[in-house]
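Here are my notes for you to read alongside the model. Keep the sequence and the 3D view open, and find each residue as you go.

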Amino acid sequence: MWVKTFLKSCSVITSLYGKVATLLILLLCLFFLIATLFSFLGHKKLEVAFLNVGQGDATLITTPNGYQILIDGGRDLSVLGELKKYLSYFDTSIDMVILTHADADHLTGLLPVFEKFTIRHVVTSSYVSSSSLEEIFEEKVVEEKAVRYVVSSGDSFHVDGVTLYMLHPKKDTLTYTKDINNASVTFIMTYGEASFLFTGDLSSTYEPSLLVKQLPKKISVYKAGHHGSNTSSGELLLSYIRPTYTVVSAGEGNSYGHPHQEVIERLLKYNSHIFSTASSGSITVVTDGKSIDVQTEK
Ligand SMILES: [Zn+2]
């Protein structure tokens, strides 16, 4: 008799255990479904973070599915602290590094980035300055076994609905320019209706050559050329792009006086909302391809 009772109890426990297990599995499936849905929905935005690296440039782009592009690295180690704010603790790689040009305020910070992260792709122009800094960078790229792209105007990259279209340098520019700033990799990035223009330290002499059909006549976000110097952001370019937002990457109290007052006045003529890393810290722009949201650190 007790054997029967025991077996009955066992079957009750087994069936109860089975129900609990099924319920747990269902809950787990539901959790993963919701988590996947949230991550899917949560990444359908393009994020552009203008990092606060003092007097220099470093911008981190994260595409809707998490492809990371770092443009320049600033002039010191501060880029590492800035990246920590945007990358997960477990993130040990950056998909693409774009070096606009090999000046110290753009390149130096990339060297520790190469130490800390695996870099998969590297984009540069073909300009060679042969500075010792550039030589170290070239060694790092080779050590890293990163895929190298040497770009010129007309080249493009497409990731997650985001397009990077190179506007400068033209293939022949580099044969006659002596100014490394004018070798800056310059490109328009578009996602839906949102557009971003990055011109590195390109001077206004070359800005008219950027006005091609791929450059929208109204830009959502313009990263002010050459840290807001009056040698860039000429009238012709600004009257064409009429940027809704402008971001200046410059150091607080920098000795160059960046951004220059003339540039601010030129931008205000087009009602551009101007942000500067010098006063706002890092600046994050998020877009779903339609609306633009700008957040500042300070
Ligand atoms: Zn610079």
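**Notes on the structure**

1. Strand 9 (residues 186-191) and strand 10 run antiparallel and are joined by five bridges. Strands here are DSSP runs of E with at least two residues, helices are runs of H or I with at least four residues, and both are numbered from the N terminus. Two strands pair if DSSP finds at least two bridges between them. Across this pair, isoleucine 188 stands opposite leucine 197 in strand 10. The hairpin has two residues between the strands, and glycine 192 takes a positive phi near 60 degrees there.

2. A word on what you are looking at. This is a predicted model, in which local features need pLDDT of at least 70 and side-chain atom pairs count only at pLDDT 80 or more, while totals for chains, interfaces and linings use all residues. Residues are numbered from 1 along each chain as its sequence is written.

3. Stay with strand 10 for a moment: is it mostly covered or mostly open? Five of its five residues are buried. A residue is buried if 20 or more other C-beta atoms lie within 10 Å of its own, exposed if 12 or fewer, and partly exposed in between, with C-beta atoms placed from the backbone. Ala194, Phe196 and Phe198 point one way from the strand, while Ser195 and Leu197 point the other way.

4. Strand 10 also pairs with strand 11, in the parallel sense and over three bridges. Here phenylalanine 196 stands opposite valine 221 in strand 11. Strand 8 (residues 162-168) pairs with strand 9 in the antiparallel sense over six bridges, and threonine 163 stands opposite threonine 190 in strand 9.

5. Seven strands form an open sheet in the order 7-8-9-10-11-12-13, with mixed pairing. Strand 7 (156-159) and strand 13 (273-276) are at the edges with a single partner strand each, so one side of each has no neighbour in the sheet.

6. Look next for another open sheet, this one of eight strands in the order 6-5-4-3-2-1-14-15, again with mixed pairing. Its edges are strand 6 (147-150) and strand 15 (292-296), each with a single partner strand, so one side of each is left without a neighbour in the sheet. Strand 5 (residues 118-124) runs parallel to strand 6, joined by four bridges, and the bridge partner of valine 123 in strand 6 is tyrosine 149.

7. Which of its residues are buried? Val79, Glu82 and Leu83 are buried. They lie on the same side of helix 2 because they cover an arc of only 100 degrees around the axis (the arc of the directions from the helix axis to the C-beta atoms). The face turned away from that buried side carries the exposed residues Gly81 and Lys84. Strand 2 (59-62) and helix 4 (110-116) are among what covers the buried residues.

8. Finally, find serine 204, in the loop between strand 10 (194-198) and strand 11 (221-223). Serine 204 is partly exposed because 19 other C-beta atoms lie within 10 Å. Leaving out residues up to four places away in sequence, serine 204 touches Thr231, Ser232, Ser233, Gly234 and Leu237; contact means that the C-beta atoms, placed from the backbone, lie within 7 Å.

Conventions:
Contact = placed C-beta atoms within 7 Å.
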